[in-house]
Amino acid sequence: MTAWAFAAAQTLLFIAAAPLLGGWLQRVKCHMQNRAAPAVWQPYRNLAKLLRKRMLLAENASWLFRAVPYIVFGAMLLAAAVVPLITVHLPSAAIADVIVLVGFFALARFFTALAGLDIGTAFGGMGASREMMVSALAEPAMLMAVFTLSMTANTTNLSVATEYILKSGLVLRPSFLFALLALAIVAVAETSRIPVDNPATHLELTMLHEAMILEYGGRHLALIEWASQVKLMIYAVLIVDFFFPWGIATDFSALALTIGLVAVVAKLMLLAVVLVVWETVLAKMRLFRVPQFLGFAFMLSLLAMLTHVVLETGG
Amino acid sequence: MSGTNEIPLLLAYAAVACTLLSGVVSMFAVRRHPNFLHFGSFLFLFFSGAASIAAGAWALLAKLSLTDHFALGLPWLDWHVRIDPLSGFFLMLLGTLVVAISLYGPSYTREFARGEAAQPLPPLGVFSALFIVGMQMLLLADDALVFMIFWEMMSLSGYFLVVYQHQHAANRHAAFVYLLLAHVGALVILLSFGVLAAFGGGLTFDQMRAAKLSPLWATIAFGCAFAGFGTKSGMVPLHVWLPDAHPVAPSHISALMSGAMIKMGIYGMVRVIYDLIGDVRWEWGVVVLCIGTASALLGVLYALMQHDLKRLLAYHSIENIGIILMGLGLSMIFLGSGHMMLGTLGLVAALYHTINHALFKGLLFLGAGAVLYRTHEHDLDRMGGLIHRMPITALLFLVGCVAISALPPFNGFVSEWLTFQTALQAPALENGLLRTMIPIAAAMLALTGALAAACFVKAFGIGFLGQPRSRRVARAREVPAGMLGGMGLLATLCLLLGVFPTTVIEAMAPITQMLVQAALPSAAAQGWMWLTPISPQVASYSAPFVLIAIVAVFGLGYLILKRGAIAPRRAYAWDCGFGQLTQRMQYTSTAFSQPIRRVFGGVWKVDEQIDTLASAGPIPRVTSLHYSLRTQDWSWLKCYVPIGRLVLAAANRIVFIQTGNIHTYLKFSFVTLLVFLWIVS
Amino acid sequence: MWHVIHQIVRIGIVTEPAPRVTDADGAAIERIHQDILDILGQALTIREVDAGSCNGCELEISALSNPYYNIEGLGIKFVASPRHADMLLVTGPVSRHMEEALRRTYDATPAPKLVVAVGDCGCTGGIFGEGYATRGKVANVIPVDAVVPGCPPPPLEILRGILGAVRRRQGHPTPDRT
């Protein structure tokens, strides 16, 4: 029973900490742009302000439009419950494995796209159409990379996979290197970062994700923004878990949990710096260059799988 | 004939009898008494469906295999029938669809009885009954003769149903292609049965099971069975009849065709390959897997380009058959390599997807029929805003869209998850090429799933959301309760099969026990809430948890955020301040799929034409713009048109023997008779 | 790439401190409660509307996003849709063509909302005034909460006007330079 309590606590911590990661990302980005940054907890202020706004809906917004923010947030909450953050022994990880995790992301994306089409403006349709194209191309790359990892660990359960990689020590696997690169590219595409999408753009013709949520305001927008911050954190924690899991707690003792917490905080902060440098150095791509970019990710994950089959399991 | 053990067979007979009665009753449904069709015929169909479900469930859950025979047909060959867990499973599938249609049908067929497009009702009822009888009896068949007779009955009555609205030439063409391919398929199936019968010494399935086939002949039998049943299932490249035939039939028949008829092809494959031939070889599995992957990918890519709702759904049937074939292929590969449990997992995944597809495709076709009933529109680009006018239909259609896009917690996700888990066990094989190929096939399955989700965002978003794009759609009303009942039944089953996968897999255990003598004991080993097909360490999924979590988020969100908050103000949609949006400014279905069309360009034959008319003078101004887009199936142009031309050319060569002179024909008959007499003696 | 990173490190943080807003600068906004204004002040989102301006004010407003004035460091950002916005920053003498668009933008912004008119054209009609082509000051079309006169007003004045509109008082700390 205590394990379930820990799982619930970890999930709440995950959700609560996601805006903090966003704030840290913003801080590093501002410093890279030679400007002073707002406080690290600025995203919390943004969310609190949005919750105080009065709701405004388009005349022809349907019940689906109003339900979508809750569906999206629920899917992200479930996804956060199954990814190991501080400790690996999570009973909640048995609810859903990594394929179901991809299913949760697909569920959130499906309904967000429908919300974009609901009002009947051209922006929403454009955002929905582009987002579905990008995600359709990203999914095979992601699943192939994930398959390589699952075939190595002989499981799709995230807790068990992380534990396996932790226990096998400091082993350099070339397949993991390719899978890391592929997963990083897919994460950039799925969380709408540069070079696939610019999260801070005002020009509708350059939007992918933002165009679908132009009609949302108030608490709906708060839920959707929070859910996208949780999604970014989930991808970051996935990369950390699969490729750099050292430090994560394997039992529930206070020492192990503290080390786990410190380790994951340090790793996420470092990963955020890497992401910001990447975003500063690259420019946003033309929309129809993105398929080539994602095709490159698919090639990388295919290479990962082939090296795994050929080199690591003996032909 | 003794005791309760015979009840499944009796229920099956009752089902067939009720169907025949429904056909008889509908013969009286002339213009002045349409209620004979609406109430009498569909009432009998309801009982028939219920009896099918009962028969199938009894045979499946009680793990019975019963046989019987009748002295009909040829003097030295009785008709043998048999009900066992496999046919019970498919009988349940068929029965569920028939029950849904019997609820949906009475209101839907009213549109055929009145108005300027009125059709005579008796043929609809009679041929529907014959169609369903054909399917029920072929599931019960225990020898090749009964099987082929009722297979032909199913195909032929299907033809009359497809051509029901025969006034349009396109419908007649579609029905012709359907009939042609159905017969080619039937001939190939007959070849397969011929091989089995030759080695088994007889036409009954028991004799075929006992036949000892060399690998070469087994492969020939497999090839013929796969090709023949694949034609009926609609696998690429034998799929060209499906997108034309399914849309033009009446919607409840389209649901039955897409939901049940193409599953008869899957039933045939499983029956012949797993049961009659028996010894499955892994090389066959590779062929099935490759064709399944190609069907899935091509089916969904072609579906993305359609803007006719029913044609889109028909292409998706091709995609889902591809997914079922992928499951079957994986199962054959594992069984042929000696991994019994993994082979069983693949078979379970394929059968689960079979029933899932029947349910959600039936639901989607009935939904499309509901929209057609109220608005007479089948083009997505003329629909829109139906979520406000037809809210319950929209909700049920949404359930179908979510289920077919393989999203948790509905049923489509469970069968795709099982297929992925099967593919992930590829490292258990020794063959390195297979170990590489199978994950690539799984990645293609992931691509298919993502594209299918994109396609259904398009179908639901353009069709039901946004603003109405034509007058009739703007004035649509909700459909009658009967139609909602039929759709609601299927939607509820979609949810139940998604939330209780352990129960379904345990129920399917008798089928796999019968076919491959193995089951999946670990699937429900952790309790009904946890699906652990291989072991809890390897993979687990708890669908009830997911559903509870989503409902809890809704509940908590409502309590925390909405209580005490002021009601939202309604305003104009944000249109950059330019003024009232018209419905022409929304995205169309062609616009929605344009990025994907650009990325996957070579898959279709695309003819895009933009004609502009400009005024004369020093500064020309565009006065009119005409845009046309045509996407065509390459397989029709590259495979079938050349074959057609070849056949015509060959016919033209031989035409010289048709002299029209009766003396020549008499000479031909005389010579043939002499040759036969010489051979016989 | 290394050249870019070297340049970033060499330049460092160049943000200047935010202007001090006295009570005299602050607009008297009676209709919105002070605690709401406090919350808006911490996390303000602005939608900029060009109602027929010559773009002189726009150039000054876009200077607010550079590292020196750094409006983002104060927790304020520009957004793409009025549905996401708390404040409308309106420039220009509201040409007839943009009058309806401005009204719709105001209507599309959820409450609580503020409007700041920037530039002489927005405050008083400027050199165009009211005529056949323009409607004059922004207050003629939508209710305005604060004005920033000038042609064009320097970015510091615009920032003072924005902060004053949310009554960002003396006590609020400015972000540190590191």
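Student: Which strand of chain B is joined to S1(A), and do the two run parallel or antiparallel?

Tutor: This is a predicted model, in which local features need pLDDT of at least 70, side-chain atom pairs count only at pLDDT 80 or more, and totals for chains, interfaces and linings use all residues. Residues are numbered from 1 along each chain as its sequence is written, while chains are lettered from A and ligands numbered from 1 in the order in which they are written. Strands (E, at least two residues) and helices (H or I, at least four) are DSSP runs numbered from the N terminus, and two strands pair if DSSP finds at least two bridges between them. Three bridges join S1(A) to S3(B), residues 569–571, and the two run parallel.

Student: Which residue of S3(B) stands opposite Ala58(A)?

Tutor: The pairing of S1(A) with S3(B) is parallel. Within it, the residue opposite Ala58(A) is Ala571(B).

Student: Which element supplies the largest share of the side of chain A that touches chain B?

Tutor: Residues are in contact if their C-beta atoms, placed from the backbone, lie within 7 Å; the contact takes 64 residues from chain A and 66 from chain B. Elements of chain A that each supply at least two residues include S1, H3 and H5. The largest share, 17 residues, comes from H5(A).

Student: Is H3(A) largely enclosed or in the open?

Tutor: A residue is buried if 20 or more other C-beta atoms lie within 10 Å of its own, exposed if 12 or fewer, and partly exposed in between, with C-beta atoms placed from the backbone. Of the 20 residues of H3(A), 17 are buried, so the helix is largely enclosed by the rest of the structure.

Student: How many residues of S4(B) are buried?

Tutor: S4(B) is joined to S5(B) by 10 bridges, and these strands run antiparallel. Ile610(B) stands opposite Tyr627(B) in S5(B). S4(B) has 10 residues and lies largely in the open, because the number buried is zero.

Student: Which helix gives the largest share of the side of chain A that touches chain C?

Tutor: Here 29 residues of chain A are in contact with 29 residues of chain C. H1, H2 and H8 of chain A each supply at least two residues of that side. The largest share, six residues, comes from H2(A).

How values were computed:
Contact = placed C-beta atoms within 7 Å.
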